Amino acid sequence: MNRRQAIAGSIAMAASSTIASASSGRFHVPAEEHPHELTFMQWPVNLSDYSGDRTFLRLTQNTIADIANTVSEFEPVIILAAKADQPGARKKLSASVKLWDIPTDDLWTRDSGPIFMIDGKGGRAISHIQFNGWGRKASSRRDSKIAKRVAKRLGMDLKPTGLKGEGGSTEQDGKGLLIAHESSWVNRNRNPGQSRSNIEARLLRAYGADRVIWAPGVKGLDVTDYHIDSLARFTPNGRVLMNLPDDPIPGEPFHDAALETHDILKAASLKIDVIPEPNRRRVASEDFVASYVNYYVCNGGVVAPQFGDRETDKEALRALRRHYPGREIVQLNTDILGENGGGIHCATQQMPAA
């Protein structure tokens with residue numbers, strides 16, 4: 001019996017409860033723990049995104065394959081890749097991972113891939129937030145077309161939002177609440193000329209939500225303008241799990257912004273649990289993204305990073321077991337993604353079960 005067979009019963013039970021919560025018939029983006037039909041990922045091939053370093057690209061592809069193969073033990077996985085790029089990908093992927101002929105630039109499916117909505121009556125659609133390379137900071141010739149191409153292949157409606165941005169810029173609880181950093185949305189590199197109130201109205205429609213809690217974030221210091229999914233995540237028990245430094249450095253922009261976001265969420269009466277950042281990680285670079293909350297929730301499992309700090313790796317594992325009881329927690333070495341500025345959640349996108 002494989003993992004997928006072992007968890008079939010628990011998925012069915014979860015489906016009945018989550019679909020009941022979506023019985024209004026209004027399209028909305030469900031929480032990540034809602035049962036999935038499958039997971040989409042992208043195969044990175046654009047050498048210019050890796051400064052021409054073929055070894056760096058190859059190691060990144062190995063990690064994407066490792067994540068895909070792990071997730072495929074819990075649910076089906078589809079890797080998007082141009083036909084010409086598929087032979088190289090196939091060598092690294094398990095037989096259970098499927099390949100679709102949809103050309104890609106890079107790996108960040110959370111940002112450039114489709115955002116799926118359900119209506120509680122068996123209907124699904126794709127909420128189209130147009131990816132533009134994080135405000136034209138990176139090439140997106142292929143990736144900017146992925147959501148449309150997936151929608152066409154699936155025969156699903158593509159619902160326009162009038163927004164440019166990325167899925168990693170917003171975290172949702174599936175019950176009407178969003179959290180986001182203004183720096184990733186109210187930014188002229190994505191939505192020029194739009195006020196925060198206008199963007200908020202469009203974002204609520206895009207997710208089928210009722211309320212956004214905004215925090216300022218940080219503009220211009222990383223490619224994403226500080227995506228929320230590397231800092232704070234909703235969990236099924238109605239709490240927020242945050243990744244914060246044990247000893248924040250006053251004046252360090254990301255530390256200051258993270259603490260400000262924490263205080264804003266706390267003031268909004270959200271219940272927050274904190275996982276400390278690793279102190280003795282394998283990669284010492286200041287630009288390295290060492291986020292324990294950049295994990296992916298799949299059917300019956302959670303695929304999460306570990307960074308080589310025995311103490312904090314174990315603390316993160318314990319926290320995930322508390323927040324996701326009954327799911328198998330698998331920790332992977334995904335340091336190469338941290339060097340690229342992201343993590344496991346950034347590299348995955350769920351297609352919820354109808």
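Which residues lie nearest the centre of the largest pocket? Before I answer, a word on what we are looking at: this is a predicted model, in which local features need pLDDT of at least 70 and side-chain atom pairs count only at pLDDT 80 or more, while totals for chains, interfaces and linings use all residues. Residues are numbered from 1 along each chain as its sequence is written, and side-chain values use heavy atoms, with hydrogens and water left out.

Now to the pocket. Rolling a probe the size of a water molecule over the atoms shows where empty space is left. Here a pocket is an open set of points, on a 1 Å grid over the protein atoms alone, where a 1.4 Å probe fits and protein stands on both sides within 12 Å along at least five of seven lines, and a lining residue has an atom within 4 Å of a point. The largest pocket is lined by 42 residues, and those nearest its centre are Phe254, Glu286, Asp287, Phe288 and Val289. Its volume is about 1300 Å³, where a volume is the space filled by probe spheres set on the grid points, which are joined across faces, edges and corners. The elements giving two or more residues to this lining are α9 and α11, and α9 gives the most, with three. Such helices (H or I, at least four residues) and strands (E, at least two) are DSSP runs, numbered from the N terminus.

Is Ala180 buried or exposed? Its relative accessibility is 1%, so Ala180 counts as buried, given that buried means under 20% relative accessible area, exposed over 50%, and partly exposed in between (1.4 Å probe, protein chains only). Beyond its neighbours within four places in sequence, Ala180 is in contact (heavy atoms within 4.5 Å) with residues including Ser169, Trp185, Trp214 and Ile228. Ala180 and Ile228 are 48 residues apart along the chain, yet 5.9 Å separates their C-alpha atoms.

Finally, the nonpolar cores, each a set of buried Ala, Val, Leu, Ile, Met, Phe, Trp, Tyr and Cys residues joined through side-chain atoms within 4.5 Å. The largest has 31 residues, of which Met41, Trp43, Ile64, Ile79 and Leu93 touch the most other members. Helix α3 gives the most to this core, with six residues. Leu93, leaving aside its neighbours within four places in sequence, is in contact with Trp43, Ala65, Ala68, Asn69, Ile79 and Leu99. Apart from this core lies another, of 18 residues, among them Ala304, Phe307, Ala319 and Leu320.
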